2 protein chains.
Amino acid sequence: MKTDVLIIGGSAAGLVAAMTAKSCNPEKGITVIRKEEIVMIPCGIPYIFGSVMTSDKNILPDTGLIKMGVKIIVDEVITINKKEKNCQTKKGEVIEYEKLIIATGSNPIKPTWLKGKDLKNVFVIPKDKEYLDYFHKQLENLQKIVIIGAGFIGIEVADELNKIGKDVTVVEILPRILGTAFDEIVASEAEQCLLDRGVKVNKGIGIKEILGSDKTEEVLLNNGETLKADAVILSLGYVPNVELAKKAGLALNEFGFIEVDQYRRTGEADIFAIGDCSEKRDFATGKLSKTMLASTACAEARVAAMNLCKLSTVKTFRGTIGIYFTAIGDTAFGVAGLNKEMAIKEGFDVVTGSFTGIDRHPGKLDDSHKQMVKLIVAKDNGLILGGEVVGGTSTGELTNVIGFMIQNNMTVNDVIVSQIGTHPMLTASPAGYPLIKAAEIVAKALKG
Amino acid sequence: MKTDVLIIGGSAAGLVAAMTAKSCNPEKGITVIRKEEIVMIPCGIPYIFGSVMTSDKNILPDTGLIKMGVKIIVDEVITINKKEKNCQTKKGEVIEYEKLIIATGSNPIKPTWLKGKDLKNVFVIPKDKEYLDYFHKQLENLQKIVIIGAGFIGIEVADELNKIGKDVTVVEILPRILGTAFDEIVASEAEQCLLDRGVKVNKGIGIKEILGSDKTEEVLLNNGETLKADAVILSLGYVPNVELAKKAGLALNEFGFIEVDQYRRTGEADIFAIGDCSEKRDFATGKLSKTMLASTACAEARVAAMNLCKLSTVKTFRGTIGIYFTAIGDTAFGVAGLNKEMAIKEGFDVVTGSFTGIDRHPGKLDDSHKQMVKLIVAKDNGLILGGEVVGGTSTGELTNVIGFMIQNNMTVNDVIVSQIGTHPMLTASPAGYPLIKAAEIVAKALKG
């Protein structure tokens with residue numbers, strides 16, 4: 001068969017690329033080819049274990065694509081022929097394309113060195129419904145769960161399993177949870193939330209081996225300690241799924257991601273790459289980065305799709321800011337851009353300011369929650385490099401406010417004269433709005 | 001007595017001006033003079049009738065001011081002597097100042113033409129604790145409440161009184177509620193929320209007279225209809241409280257607000273004016289505006305205080321954007337900048353786009369809420385002129401995101417390549433984020 005645009009991969013990036021491509025070029029034939037019959041909402045996966053109870057309630061619907069006239073093929077591309085501009089599939093099809101978008105995503109890490117990794121009841125967290133359903137079913141009769149890796153997904157799964165009554169321990173080799181996303185103080189606060197809810201956290205210690213005869217029985221840690229484990233969940237991060245691109249001769253960067261330019265084009269003019277499999281560069285430093293986020297993937301997808309047929313210098317991807325957040329119980333934790341440690345490590349001279357208030361006013365309102373905002377600002381020019389938020393349910397969008405400040409190159413002076421809207425039932429008070437107060441503290445420190 | 005900086009008025013604007021002035025000039029003596037022993041959180045006032053039950057839980061605390069070393073005087077300035085740079089007070093004090101900030105606020109409108117306005121159980125909604133406590137107490141034994149004026153405060157009070165079991169009718173002379181803040185469709189949706197909750201709404205009809213012998217019994221409408229009313233609440237807006245400024249010879253604009261420049265200085269170099277009593281100009285049109293918001297007042301206060309002793313061209317107030325929101329039950333309504341009708345009326349050629357999604361992903365999560373975002377964009381250059389949001393508790397901060405887009409002169413192209421963070425428990429999905437989807441719709445229309 002023949003299609004104008006072929007998109008390999010049907011998760012967030014593939015879906016958004018297809019919808020945007022069709023929207024921008026209604027006359028073109030757009031085809032998505034994917035392995036999965038049913039696609040999972042990627043970020044929703046941790047919640048199938050508790051809050052939504054089943055993967056059936058976590059499905060990325062095809063209706064949008066179908067309604068727009070995008071063709072969906074459930075099959076697997078096994079070879080990309082750059083010269084002939086076609087792809088061969090597992091089912092034996094040959095699909096000719098004009099433009100190709102690679103959105104093959106990432107796969108969970110299962111370290112080859114880890115003894116016992118293939119025992120029964122050792123799981124990873126891929127975006128594969130069939131696997132997740134099996135995994136979920138198996139957990140039913142397993143009580144003691146050890147999760148290796150306290151990144152976002154690790155702690156979200158931990159919290160959900162704890163919620164349904166499992167005995168959950170998280171093991172993290174770093175001295176704190178949530179990787180290096182947050183400054184230490186925020187990371188400790190997140191840890192305390194987890195502990196308060198009953199999740200056990202074992203930091204600063206790596207895993208040596210998973211013990212058991214046919215199924216997992218214990219986890220042996222680097223310090224010689226063992227933890228009883230009816231199940232072990234490996235949440236050690238993801239690696240870009242680039243086998244296909246590699247075989248096709250597309251260049252990979254030193255972290256193993258498909259190299260792309262600001263339009264998300266690979267070295268091959270008609271082939272684009274987006275999402276977890278494609279190169280990321282940090283917004284502030286321009287350095288290669290490994291950040292994998294569905295939200296970033298979707299932004300990349302929009303940029304690729306808008307530049308497919310004609311390039312536009314105003315529709316480029318300017319580097320990953322890294323805006324992300326999670327919720328543990330009623331408390332949410334958000335970060336945008338660089339945290340203080342990263343900024344210093346990169347060589348920025350920074351000033352930070354933080355302010356803690358309440359996200360309603362008066363604070364006596366029932367659903368009020370503490371709200372902390374921290375800003376990380378470049379000392380020489382006052383540019384906002386990053387921010388962190390701890391608060392209630394508005395933490396996500398408030399972190400997005402900081403994301404927009406960074407994307408717009410706002411200085412701390414711009415922020416302190418900014419207008420924000422406030423309302424008793426929805427935000428902090430105008431007189432004690434933590435974002436503005438934090439900016440004031442930084443501005444004062446800069447004046448010194 | 002003598003003070004470096006004298007601030008007249010202790011509500012949001014006065015408080016923020018005092019804190020900012022002290023923070024910027026720790027060596028200066030800062031004094032706030034205000035009539036009220038105890039200050040109300042202005043935007044929290046509607047909620048004393050229901051959600052927080054008492055004005056005692058809606059107090060703007062003095063602790064921040066006191067801790068910073070700001071002096072608070074409870075007294076009333078009766079004369080400002082510009083030449084001598086002093087103020088005379090009701091209690092007979094003369095206070096000399098170097099810099100003066102007028103933050104005298106606004107008073108509720110009680111139309112002189114309205115017959116029956118002085119009957120017992122006719123109330124207005126000032127920021128006066130003593131009055132509010134009396135008003136609140138009186139309401140205890142009054143069941144049928146008629147509220148005249150369906151602006152933000154009118155409908156918030158209506159919803160709160162309805163919540164505690166009163167029989168509430170709102171009368172609005174305009175054909176819709178919430179003034180002209182929202183486009184008609186959003187205003188209708190807000191009205192439907194109110195109706196669903198049991199508040200009666202009487203639109204397109206003005207009030208002619210309040211009937212009763214000594215206390216209010218009925219409201220006579222312009223169409224001859226009458227409504228039984230044990231109490232009538234006049235929520236007809238506010239007029240700037242400028243008696244003092246007028247007496248001092250400071251210039252007022254044609255709407256009766258104290259004229260100021262971008263530093264919030266009046267014609268008199270050492271006298272600044274901020275908040276409800278001071279001039280507002282629209283961000284997009286530069287035209288005089290009557291918008292009174294505590295959040296805007298606080299931004300003006302920061303600007304005035306930062307420019308008190310030394311001017312800074314990067315710390316100016318660039319015009320009121322008008323970012324505001326309210327909540328009716330679980331649904332919140334937000335607006336930033338111009339709505340479509342206003343934009344067209346002002347002479348802009350606009351394109352709008354709106355998208356309705358869900359504020360969680362998967363949408364099956366318990367606390368998910370419909371989320372609608374509408375963007376109003378200038379046709380000639382793609383600049384974001386305004387936006388509206390209907391959604392759950394994150395509506396406030398999401399409206400603030402739009403506010404920042406406007407303040408940063410972002411175009412719709414900037415928005416569609418923007419990075420936003422998303423999380424299942426906190427926001428819409430990255431593939432169906434209504435703000436981005438609305439921008440895409442506008443971008444497509446602009447291209448078309």
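## Domains of chain A

Let's start with how chain A is divided: domain 1 covers 2-107 + 239-306, domain 2 covers 110-236, and domain 3 covers 323-447. These bounds come from an automatic or database domain assignment. This is a predicted model, where local features need pLDDT of at least 70, side-chain atom pairs count only at pLDDT 80 or more, and totals for chains, interfaces and linings use all residues. Residues are numbered from 1 along each chain as its sequence is written, while chains are lettered from A and ligands numbered from 1 in the order in which they are written.

The C-alpha centres of domain 1 and domain 2 of chain A are 29 Å apart. Each of these two domains gives 15 residues to their contact, where being in contact means that two C-beta atoms, placed from the backbone, lie within 7 Å. On the domain 1 side, eight of the residues are nonpolar, six polar and one charged. Here Ala, Val, Leu, Ile, Met, Phe, Trp, Tyr, Cys and Pro count as nonpolar, Asp, Glu, Lys and Arg as charged, and the others, Gly among them, as polar.

## Two chains, one axis

Where the chains meet, 69 residues of chain A are in contact with 69 residues of chain B. Of the elements on the chain A side, α9(A) gives the most, with eleven residues. (Helices, H or I of at least four residues, and strands, E of at least two, are DSSP runs numbered from the N terminus.) By class, the chain A side has 35 nonpolar, 27 polar and seven charged residues.

## Inside chain B

Leu6(B) is buried because 29 other C-beta atoms lie within 10 Å; the cut-offs are 20 or more for buried, 12 or fewer for exposed, and partly exposed in between. Leaving out residues up to four places away in sequence, Leu6(B) touches Thr31(B), Ile33(B), Cys87(B), Ile95(B), Tyr97(B) and Leu100(B). Leu6(B) and Lys99(B) are 93 residues apart in sequence, yet 6.4 Å apart in space, C-alpha to C-alpha.
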